[in-house]
Amino acid sequence: MIEINELKKTFQTEKQFVHAINGVNLRIEDGEIFGVVGYSGAGKSTLVRCINFLEVPDEGSITISGFGTYTARNGKLYHKDEGSDKETPATDKQLRALRRSIGMIFQHFNLLDRSTVFENIAYPLKYTGMSKEDIAARVTELLELVDLSEKVNAYPSELSGGQKQRVAIARALANNPKILLSDEATSALDPDVTESILKLLKDLNKKLGLTIVLITHEMAVVKSICSRMAVMENGKVVEEGNVYDVFADPQAGSTRRFVNASFGINNLEKLTETGVVNVTSNSKLIRLTFDRASVGEALISEVSRKFDVNLNIVLANVEILQDAPLGGIIILAKGEKENVLAAIDYFRSCSVKVEVIADGMA
Ligand SMILES: Nc1ncnc2c1ncn2[C@@H]1O[C@H](COP(=O)(O)OP(=O)(O)OP(=O)(O)O)[C@@H](O)[C@H]1O
Ligand SMILES: [Mg+2]
């Protein structure tokens, strides 16, 4: 478990103070893949860099299973063992041990260009007291784990992006960490390579019980492998929850924009502005979101008949999220005003979320 309480981090630049992390509370359970999304500058990287204390927070505390609680006051770090009340200044030794237990991967891989794949992966094992033979055996094992055994003697410049990230993952796992922090690890990769890296992360999560904190600005990545997620904005968590629930019913403005973009429907106004869809005075353009509890098509024809409204499907999309269907349908509802309103009420009573996008009857 990683528990973050009232975390704050401010950077001072020449001109101003930047409140990169401004009171974050978050709880990440052991063995989960937790997604953190947010626009550029939201504070995502700073937050994960605080989890392994690459960045020392100004205020707040972080508790990590097996490592006790680290509390920051005025930029100074104190440590308390699990179940103890005694707080002492955090030592470099403690922080080194903690960092060894938390792996990290990055967008640009951060490999040593002049070292081979073997040397890159062996690097974090160098000062652990392991013998040369044991290190070699461990590197072999790690290369098998990331399916890259044949590249053991290659240099980074001889590898594809996906292969470089596999090396970085192997290196991050060298010391058997329980936690892996991933900062935009797939952002520089093609979609199909991204998919293979996400599959690898998912496999490692299952096989090793690895907890993964995954930062990304791509909702597709979150949809594909995360179980829970948080959305950050201006150094704060503005939304947190089960991935399915967040996608089915996003609350915060930036979450809506992310979710809509991921369903490819951020430009709904364009449908009406360009006249592709004509919202006449007897119609409303509405968006229906169907979740696990409600199934789309059948209900639409039922409602159309029952309330004598014409329901034209403009756009429809169904995705499988966490093994459950999540559907979004945009329809143009045409008919008598009271009938259209009754139809909307009926949709709502069937636990379908209804949003009016454009209203010709208003
Ligand atoms: N070392 C630093 N010195 C000064 N300001 C910083 C520093 N690191 C981060 N910041 C500022 O803190 C804010 C949060 O930055 P951070 O890198 O955490 O955002 P992010 O969400 O990871 O963004 P991106 O998606 O672009 O990577 C930004 O305004 C950034 O400019
Ligand atoms: Mg970042």
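**View 1. Strands β1 and β2 of the predicted model pair in the antiparallel sense over nine bridges.**

**View 2. Six strands form an open sheet with antiparallel pairing.** Read across the sheet, the strand order is β2-β1-β4-β5-β6-β7. Because β2 (17-28) and β7 (87-89) stand at the edges and each has a single partner strand, one side of each is left without a neighbour in the sheet. Neighbouring strands of this sheet are turned against each other by 25° on average, when direction is ignored.

**View 3. Strands β11 and β12 form a hairpin with two residues between them.** The antiparallel pairing of β11 (residues 228-233) with β12 (residues 236-242) runs over six bridges, and in one of the pairs methionine 232 has valine 237 of β12 as its bridge partner. In the turn, asparagine 234 has a positive phi of about 45°.

**View 4. Domain 1 and domain 2 bury about 1,100 Å² between them.** The protein is divided into domain 1, which comprises 2-101 + 177-261, and domain 2, which comprises 266-359. The C-alpha centres of these two domains lie 37 Å apart, and 15 residues of domain 1 are in contact with 13 residues of domain 2. Of the area buried between the domains, 44% is on carbon and sulfur atoms. On the side of domain 1, the residues that lose the most area to domain 2 are Lys223, Tyr244 and Asn260, which together make up 55% of what that side buries.

**View 5. Three salt bridges are found across the interface of domain 1 and domain 2.** The side chains of lysine 353 and aspartate 249 meet in a salt bridge, with an N to O distance of 3.1 Å. Between domain 1 and domain 2, seven residue pairs are counted in polar contact, with both residues at pLDDT 80 or more. On the side of domain 1 that touches domain 2, helices α8 (243-248) and α9 (253-262) each supply at least two residues, and the largest share of that side, five residues, comes from α8.

**View 6. Four strands form an open antiparallel sheet in the order β14-β15-β13-β16.** The edges of this sheet are held by β14 (310-321) and β16 (353-359), each with a single partner strand, so one side of each is left without a neighbour in the sheet. From one strand to the next, the twist averages 15°. Strands β14 and β15 (residues 324-334) run antiparallel and are joined by eleven bridges, and within this pair asparagine 310 stands opposite lysine 334 in β15. Helix α12, made of residues 337-349, packs on the sheet and touches β13 (283-290), β14, β15 and β16, while its direction makes about 5° with that of β13.

Methods. Residues numbered from 1 in each chain as written. Chains lettered and ligands numbered in written order. Predicted model: local features only at pLDDT ≥ 70, side-chain atom pairs only at ≥ 80, totals over all residues. Heavy atoms only, no water. Pairing = 2+ DSSP bridges. Axes fitted to C-alpha atoms, helices over the stretch in contact; angles between N-to-C directions. Domains from an automatic or database assignment. Contact = heavy atoms within 4.5 Å. Buried area = accessible area lost by both parts, 1.4 Å probe. Salt bridge = Lys/Arg side-chain N within 4 Å of Asp/Glu carboxyl O. Polar contact = N/O pair within 3.5 Å; in protein donor to acceptor, adjacent residues only side chain to side chain.
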